[in-house]
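The exercises below are meant to be worked with the sequence and the coordinates side by side.

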Amino acid sequence: MAELSVTGIDAFYGDFQALFGVSLNVAAGEVVAVIGANGAGKSTLLKSIAGLIAPRAGTIAFHNEAIGGMAAHAVVRRGIALVPEGRRLFPSLSVEENLLIGGQLGRPGPWNLARVYTLFPVLAERKAAPSQSLSGGQQQMVAIGRALMSNPLLLLCDEISLGLAPIVVRDIYARLPMVSGEGTSLIIVEQDIVQALAAARRVYCLQEGRVALSGEAATLTREAISAAYFGV
Amino acid sequence: MEWLNIILQGVLVGGLYAMFATGLALIFGVMRLVNIAHGDLIVLASYVALVATQTLNVNPLVSLIVVVPLMAAFGYALQRLVLNRTLGPDLLPPLLVTFGLSVIIQNGLLELFTADSRKLQAGAIETNSIHLFGGLAVGTLPLIQFAVAVAVIAGLQALFYRTAFGRAFRATSDDPEVARLVGIDNRHVFGLAMALSLAVVAIAGVFLAVRANFDPSIGPARLIFGFEAVIMGGLGSMWGMLAGGIILGVAQAIGAQIDPGWQLLAGHIVFLIVLAIRPEGLFPKVQG
């Protein structure tokens with residue numbers, strides 16, 4: 001049974017339409033990648049699921065409850081957390097405060113401060129530091145940890161490799177199985193196709209706001225993916 | 001010794017200015033709302049205290065028990081029902097709406113209470129004073145007022161930097177969109193921030209009304225004092241409000257001593273100097 005089913009959503013920024021009838025399903029515990037070029041609508045899709053954008057058409061159902069157009073603070077309460085693009089830590093909060101605020105709803109589950117520090121040990125050493133003083137990779141760890149603190153059933157990761165050195169990206173991706181190992185479903189949005197295909201079981205490729213290709217990561221050919229990615 | 005006395009009086013008045021500033025800074029800090037009606041809300045609180053002291057027949061300082069929750073509730077409702085609708089990427093709509101609110105409050109008070117000057121009577125503490133060393137004396141009331149200002153600022157500082165509640169305020173201030181993603185309902189947080197702001201306004205309004213005469217037209221000048229203290233103090237710490245308030249109070253006291261006509265001018269001049277030398281204020285906010 002699908003944990004999340006997005007059916008035919010249209011999303012807009014003002015008059016500009018960013019998504020055209022996009023559908024996507026995620027089963028409980030599944031890792032799904034959404035790839036696509038810049039401006040393909042990947043972030044818009046995640047923002048629509050997280051409640052930051054209300055789709056004008058189509059439905060979003062999470063555990064059989066309609067959440068399309070629900071406010072973001074109510075969506076996170078139901079167990080969907082977004083790691084936003086560009087990390088967006090709270091600059092006036094310390095590392096630990098950024099994590100604590102992620103857990104302020106008190107949703108029960110496997111994740112707490114100690115578990116996040118086990119996942120990312122370097123954060124425990126820097127917990128009192130201002131969040132902006134950390135390296136990009138460490139800041140990304142805080143952003144992921146902040147989202148995990150809400151004990152999500154579904155974690156949405158928006159371009160967690162953005163602006164990071166390849167070795168740091170590999171390090172962060174190496175820890176994602178620990179997250180999905182807790183039964184958490186993941187949607188990973190990436191421009192880095194290799195990284196996305198390695199991490200996910202199924203892939204959706206967006207092109208100019210439409211799903212151009214979807215299927216099992218193992219069965220998709222490179223040619224099919226590049227055709228869907230670039231539209232050539 | 002005479003100058004020391006003048007500076008001391010200026011410091012004590014600075015506590016009142018710090019309270020004007022705190023409410024203003026709090027809502028600007030949390031929701032980027034420049035509240036042009038802030039001064040008029042202070043005067044509104046003075047009138048609420050006037051009605052409370054007359055109907056309940058209590059000392060103005062005791063009336064705070066009624067005035068503070070009333071103003072806080074009014075603040076929450078005002079934010080949720082009116083001001084939240086004006087917030088967005090554009091700073092102008094809240095500016096215009098609070099400007100309108102300022103006009104409405106002034107004229108409403110004028111209709112209800114006329115333009116007559118009023119004053120609240122707090123009894124003997126108004127005239128009592130405490131003698132310090134070498135002929136230096138401070139009035140009991142200004143001392144209480146300053147102590148309350150310090151307590152309010154210390155309380156808010158602790159609330160903002162030591163509690164989960166304050167963490168939510170700071171997070172919303174940093175990035176309202178991401179604050180929603182961690183489950184914070186911005187509209188409610190903004191309502192609470194305005195409630196807190198008007199609770200401080202209530203305290204300031206009562207002390208203002210005990211200290212001197214007030215009438216419906218004096219709000220805008222209090223707004224200017226509040227603004228100047230905020231800008232001199234910076235938005236990084238509540239203690240900045242106290243520093244800004246004290247600088248303004250001392251400048252006005254010294255100006256008044258040189259020439260009574262210079263009281264306000266001296267305050268504005270010192271404000272301009274601080275603005276020129278340190279535009280980010282004494283306690284600047286951490287930038288993201």
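**Exercise 1.** Determine how many residue pairs are in polar contact between chain A and chain B, and describe the side of chain A that touches chain B.

*Solution.* Between chain A and chain B there are 8 residue pairs in polar contact, both residues being at pLDDT 80 or more; a polar contact is a pair of N or O atoms within 3.5 Å, where within protein one atom must be able to donate a hydrogen and the other to accept it, and residues adjacent in sequence count only if both atoms are side-chain atoms. On the side of chain A that touches chain B, the elements giving two or more residues are helix 2 (72-77) and helix 3 (95-102) of chain A, helices (H or I, at least four residues) and strands (E, at least two) being DSSP runs numbered from the N terminus. The residues of this side divide into 12 nonpolar, 6 polar and 4 charged, where Ala, Val, Leu, Ile, Met, Phe, Trp, Tyr, Cys and Pro count as nonpolar, Asp, Glu, Lys and Arg as charged, and the others, Gly among them, as polar.

The model is predicted, so local features need pLDDT of at least 70 and side-chain atom pairs count only at pLDDT 80 or more, whereas totals for chains, interfaces and linings use all residues. Residues are numbered from 1 along each chain as its sequence is written, chains are lettered from A and ligands numbered from 1 in the order in which they are written, and side-chain values use heavy atoms, with hydrogens and water left out.

**Exercise 2.** State how much area chain A and chain B bury between them, and which residues of chain A lose the most.

*Solution.* In terms of contact (heavy atoms within 4.5 Å), 22 residues of chain A meet 20 residues of chain B. The two chains bury about 2000 Å² between them, 60% of it on carbon and sulfur atoms; buried area is the accessible area (1.4 Å probe) that two parts lose on being put together, summed over both. In chain A, the residues that lose the most area to chain B are A:H73, A:R88 and A:F90, together 28% of what that side buries.

**Exercise 3.** Where does B:N57 lie, and is B:N57 buried or exposed?

*Solution.* B:N57 lies in the loop between helix 2 (38-56) and helix 3 of chain B, and is exposed, with a relative accessible area of 68%. B:N57 has a positive phi of about 55° although it is not a glycine.

Methods. Buried means under 20% relative accessible area, exposed over 50%, partly exposed in between (1.4 Å probe, protein chains only).
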